[in-house]
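This report goes through a protein structure part by part. Look at the sequence and the model first, then read on.

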Amino acid sequence: MASTPKTLAVIGGGPAGLMAAEVASAAGLAVTVYEKMPSVGRKFLMAGRGGLNLTHSEDAAAFLGRYGARAQTLRPFIEAFDARTMVAWAEGLGQPTFVGSSGRMFPKAMKASPLLRAWLTRLAEQDVVIRTRMDWQGWDDQGALMFQTGEGARETVFPAATVLALGGASWPKLGSDGAWRSILTDRGVQVAPFQPANGGFTVEWSAPFRARFAGSPLKTIALTFDGRTVRGEAMITGAGIEGGAVYALSARLRDAVALDGAATVMIDIRPDLSLAALEQRLAKPRGSGSLSNHLRKAGLTPLAVNLLREAVGSELPTDPAPLARLIKALPLRLTGAAPLERAISTAGGVNFDALDPGLAMQALPAVFVAGEMLDWEAPTGGYLLQACFATGAAAGRAAVRLLQDDL
């Protein structure tokens, strides 16, 4: 079979795939995006429900450091499509941005839907074709892409190049189910096993605590594990704990749980007070009032008070010094990671050693990989979307170079 010159198939209609399509179509390639769900950008829209965090305003060195062991690998892609580029792109679509108090950057509309609508309009103007309900099944014996349509029919396509941007394995109901892993491994591509990233952890709560506090937020706390402290918020769930502060430490916690079967994170319930200041407050006479009321006067919520009891039993220290130490360093034992499908993102995926510098697979030179399919992880805060956009743009540029060189 002969492929049609200058045609690019993008499989996956999330941020990485749509960005690859935008870059490649702007350079003159005929691009078709194939998405197995009824519409594109479903996880993108979900990410924007609480405010679409596009990127972060911190300096480049700190920004890259959020990618941990993959910082240097991702450096050229993020430097080519950095936070300023992201902001300029959004504003070019008529979506002005602002920097929040934490340094995170958002569109002023906050939601993802206006941005996605404007983006799809641009792609249509660049003649990008989007085909939904097209479930990729791999390649046939002649090297054509195989799809199962929404009607159950089989369809084959033979583009000049392909960008795979199928996501990881979190939130499978939104389309990222990781089913592509076996297709690539059967072709000899190295794919690291999926692991939950930015996910919660299980805790063996007592039945009364679970019944009373599941769904309650722990606001303005600090979590410490393995020498790193993160301030933020968390949420008590029926199975354990999740939330931004937990997600920031999730990679280290996940690895520790996998190694030892459990991990203990320390919670500072009042990070705004020093130990001495807290002890001074607790030393005030409480008269005939209960210890619980005394703790509430010291700024502890009922949830925080009962969390102390969960950690050490119903009998709390009454002396100010040990009680203050407990509030500033409450041990919470995590017994496992929450299921993969509940995680915000995933670690694992296509190994960078299986790719060339332009994100083309060495085993399949005209096939590029982008987004969360790649083996990297980052905390929430704009870093996930930034790397998805950046690698999508890089894959699109590399496809353009490949096809232009072939002409």
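## An exposed loop residue

D226 counts as exposed, because its relative accessibility is 57% and the cut-off for exposed is over 50%. The model discussed here is a predicted one. D226 sits in the loop between β13 (217-225) and β14 (228-236). Its phi is near 55°, a positive value in a residue other than glycine.

D226 also takes part in a salt bridge with R252, where the closest N and O atoms are 3.8 Å apart. Since D226 belongs to the loop between β13 and β14 and R252 to helix α10, the pair ties together parts that are 26 residues apart in sequence. R252 is partly exposed, with a relative accessible area of 36%.

## Helix α10 and its two sides

Helix α10 covers residues 250-260, and S250, L253, R254, A256 and V257 are buried in it. These residues cover an arc of only 165° around the axis, so they lie on the same side of α10. A258 and L259, on the other side of α10, are exposed.

Just after α10 comes G261, which takes a positive phi of about 90°. R254 is linked with D255 and E377 in a network of salt bridges.

## Other salt bridges

The structure holds 14 salt bridges in total. One of them joins the side chains of R122 and E22, at 2.8 Å from N to O. R122 lies in helix α6 (residues 113-125) and E22 in helix α1 (residues 15-26), so this pair ties together parts that are 100 residues apart in sequence. E22 is buried, with a relative accessible area of 9%, while R122 is partly exposed at 21%.

Another salt bridge is formed by the side chains of D272 and R270, at 2.7 Å from N to O. D272 counts as partly exposed at 47% relative accessibility, whereas R270 counts as buried at 10%.

In soluble globular proteins, nonpolar side chains tend to be buried together. The largest nonpolar core in this model has 84 residues, and those with the most contacts inside it are Y67, W89, W136, W139, L184, M361 and W376. Helix α15 (residues 383-406) gives the largest share of this core, 14 residues. Apart from this core lies another, of 44 residues, including I221, L223, L291 and A304.

What is L184 in contact with, leaving aside its neighbours within four places in sequence? The residues are W136, W139, L164, V189, V191, V350, M361 and M373.

## Aromatic pairs

The count of aromatic pairs comes to 16. In one of them, the rings of F63 and Y383 have their centres 5.0 Å apart and their planes at 70°, so the pair is edge-to-face. F63 lies in helix α3 (residues 60-65) and Y383 in helix α15, so the pair ties together parts that are 320 residues apart in sequence. F63 and Y383 are both buried.

Elsewhere, ring pairs link F44, F81, W89, W119 and F389 into a cluster.

## A three-stranded sheet

Three strands form an open sheet with antiparallel pairing, in the order β3-β5-β4. β3 (55-56) and β4 (97-99) stand at the edges with a single partner strand each, so one side of each is left without a neighbour in the sheet. Three bridges join β4 to β5 (residues 104-107). The bridge partner of T97 in β5 is P107.

Note on methods:
Residues are numbered from 1 along each chain as its sequence is written. This is a predicted model: local features need pLDDT of at least 70, side-chain atom pairs count only at pLDDT 80 or more; totals for chains, interfaces and linings use all residues. Side-chain values use heavy atoms; hydrogens and water are left out. A nonpolar core is a set of buried Ala, Val, Leu, Ile, Met, Phe, Trp, Tyr and Cys residues joined through side-chain atoms within 4.5 Å. Buried means under 20% relative accessible area, exposed over 50%, partly exposed in between (1.4 Å probe, protein chains only). Helices (H or I, at least four residues) and strands (E, at least two) are DSSP runs, numbered from the N terminus. Contact means heavy atoms within 4.5 Å. Rings of Phe, Tyr and Trp (its six-membered ring) pair if their centres lie within 6.5 Å; planes under 30 degrees apart count as stacked, over 60 as edge-to-face and the rest as tilted. Two strands pair if DSSP finds at least two bridges between them. The arc is that of the directions from the helix axis to the C-beta atoms. A salt bridge is a side-chain nitrogen of Lys or Arg within 4 Å of a carboxyl oxygen of Asp or Glu.
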